[in-house]
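I open this notebook to record what I looked up in the structure, going from the whole chain to single residues.

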Amino acid sequence: MLKEFRDFIARGNVMDMAVGIIIGAAFTAIVTSLVEDMINPIIGLFIGGVDFSGLALRVGEGDNAGVFAYGKFITALINFLIIAWVVFLLVKGVNRVKEMAIKAENAAAPPPGPSQEELLIEIRDALKARG
């Protein structure tokens, strides 16, 4: 069982996944900071600094009353939409750069030469013509 586990861990896919998770965690911190520290303040200017996180509905009375904190949900939903939009723009930009690189490679590549079959046909025809 230990050998099987070692083989599983040593596979390239597992290592790629681990690297992806680590990079994803770091990327999450960057995107969260971008949204909370740069984009949300700008949105706050447009909506007048409205903070939804304090909106709640108390269900029941006394110390055992439940709190239906729908304002935090609204805030989380807005943050999700902003983060999704930022990630969409980043992916779109990366894809555009990849497409430009592929176009540049294709433009710089020399035209393909004749295939092996075409060369063999030429040789065959040349031999027929000589003989």
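I took contact to mean heavy atoms within 4.5 Å. Among contacts in the chain between residues at least 6 apart in sequence, I found that 32% join residues at least 24 apart.

I noted that this is a predicted model, in which local features need pLDDT of at least 70 and side-chain atom pairs count only at pLDDT 80 or more, whereas totals for chains, interfaces and linings use all residues. Residues are numbered from 1 along each chain as its sequence is written, and side-chain values use heavy atoms, with hydrogens and water left out.

I then looked up the overall dimensions: the C-alpha trace spans about 110 × 55 × 25 Å along its principal axes. The radius of gyration, taken over C-alpha atoms, is 30 Å, while a compact globule of 131 residues would have one near 14 Å (the globule rule is 2.2 Å times the number of residues to the power 0.38).

For secondary structure, I read helices (H or I, at least four residues) and strands (E, at least two) as DSSP runs, numbered from the N terminus; the chain has four helices and two strands, in the order α-α-β-β-α-α.

I next checked burial, where buried means under 20% relative accessible area, exposed over 50%, and partly exposed in between (1.4 Å probe, protein chains only). Buried residues make up 7% of the 131 residues, and in α3 (residues 70–108) Gly71, Asn79, Ile82 and Val86 are buried. Phe68, in strand β2 (residues 66–68), counts as exposed because its relative accessibility is 51%.

Note on methods:
Expected span 1.5 Å × (residues − 1).
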